Amino acid sequence: MNLNSQEYKLIPLSENYLDIIFKWRNSPHIREKMFDNSEIKIEAHYAWFNKIQSELSPYYYIFLYKNNPAGFVSFSTVDLKNKRANWGFYIGDTALPKGVSYIMGLLAFEKAFNEHNFNKIYGEVISTNEKSIRYHLQLGFKQEGFLSEHLFRNNVFEDIIVFGFTSSMWKDNLNVVEKNLRVIFPQIFQVL
């Protein structure tokens, strides 16, 4: 798949984007869906950035739409031996056109499977986060587990749904995904 890189990009997170990430991460529409939904202090935010800078490969990305920061994608708990990682994401720009977040997910797949050579990415979603559940399913993830009362936050135990997506699923579905996208978003593809 060759998405138009002029409109949609995933670029490595750099210090230039720390302020916008800080703002997004503390915004109510993102914070309320996070496992740790406490407000982040600026000192902790910079400490997190310094920690991830020591990693050998860039696993943290800014999603740009028309060269403007629009979202964030990360691969954490990276297991190089078993070629897998936990993925995380959020859209910071709530005014994006419909479908742009889907493109962000597909770009994340390209990073995961083509650049990092992961065999699998997985995600964990709070069971009340219907939007994220729907997003995972639309991208082709399969539900692999259900963890009852797995997370304690806001003084209650919450259930977690575990989703998985493998490189073979990506390869098997690539033609179908591209065909559907070409119909829905013909402007995002370049002709090879």
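How exposed is Lys120, in terms of relative accessible area? In this predicted model, Lys120 is partly exposed, with a relative accessible area of 21%. That value sits in the partly exposed class because buried means under 20% and exposed means over 50%. Lys120 also has a charged partner: a salt bridge joins Lys120 to Glu144, with the closest N and O atoms 2.8 Å apart. This pair links distant parts of the chain, since Lys120 lies in strand E5 (residues 120–126) and Glu144 in strand E6 (residues 142–153), 24 residues apart. Glu144 counts as partly exposed, its relative accessibility being 45%.

Another member of the set is formed by Arg153 and Glu158, and here the closest N and O atoms are 3.0 Å apart. What about the surroundings of these two residues? Arg153 is buried, with a relative accessible area of 8%, and Glu158 likewise counts as buried, at 11% relative accessibility. Both labels follow from the cut-off, because buried means under 20% relative accessible area.

A further salt bridge pairs Glu32 with Lys33, whose closest N and O atoms are 4.0 Å apart. Glu32 is partly exposed, with a relative accessible area of 45%. Lys33 is partly exposed too, with a relative accessible area of 36%.

Lys120 and Glu144 connect strand E5 with strand E6, Arg153 pairs with Glu158, and Glu32 pairs with Lys33.

Definitions and conventions:
Residues are numbered from 1 along each chain as its sequence is written. This is a predicted model: local features need pLDDT of at least 70, side-chain atom pairs count only at pLDDT 80 or more; totals for chains, interfaces and linings use all residues. Side-chain values use heavy atoms; hydrogens and water are left out. A salt bridge is a side-chain nitrogen of Lys or Arg within 4 Å of a carboxyl oxygen of Asp or Glu. Buried means under 20% relative accessible area, exposed over 50%, partly exposed in between (1.4 Å probe, protein chains only). Helices (H or I, at least four residues) and strands (E, at least two) are DSSP runs, numbered from the N terminus.
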